[in-house]
Amino acid sequence: MYAALWRALPGPWPVRLLLVAALLAAVAWFLVLHGYPWVMQTFFPTPDPTIT
């Protein structure tokens, strides 16, 4: 899968490396802001409403 992604990216290897780093940062940003809070609210609700 990673080799297919690497081949699909345009440009020489420094540009590809920059694109992969940007993609990883975008995925991490999405997970931190949207993915993990959704999991915590959906599967681990807090019993006390004053705890956020």
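Predicted model: local features only at pLDDT ≥ 70, side-chain atom pairs only at ≥ 80, totals over all residues.

Residues are numbered from 1 along each chain as its sequence is written, and side-chain values use heavy atoms, with hydrogens and water left out.

**Exercise 1.** Describe the overall form of the protein chain.

Solution. Begin with secondary structure: the chain has two helices and zero strands, taken as DSSP runs (helices H or I, at least four residues; strands E, at least two) numbered from the N terminus. Next, consider extent: the C-alpha trace spans about 55 × 20 × 10 Å along its principal axes. Finally, consider burial: 4% of the 52 residues count as buried, that is, under 20% relative accessible area, where exposed is over 50% and partly exposed lies in between (1.4 Å probe, protein chains only).

**Exercise 2.** Determine the setting of L9.

Solution. First locate L9, which lies in the loop between α1 (2–8) and α2. Its relative accessibility is 12%, so L9 counts as buried. Then list its contacts (heavy atoms within 4.5 Å): leaving aside neighbours within four places in sequence, L9 touches R16, L19 and V20. By comparison, T46 stands 37 residues from L9 in sequence and 43 Å from it in space, C-alpha to C-alpha.

**Exercise 3.** Classify the aromatic pair found in the whole structure.

Solution. The search finds one pair. The ring centres of W38 and F43 are 5.7 Å apart and the planes stand at 85°, so this pair is edge-to-face. The criteria, for rings of Phe, Tyr and Trp (its six-membered ring), are centres within 6.5 Å, with planes under 30 degrees apart stacked, over 60 edge-to-face and the rest tilted. W38 counts as exposed because its relative accessibility is 51%.
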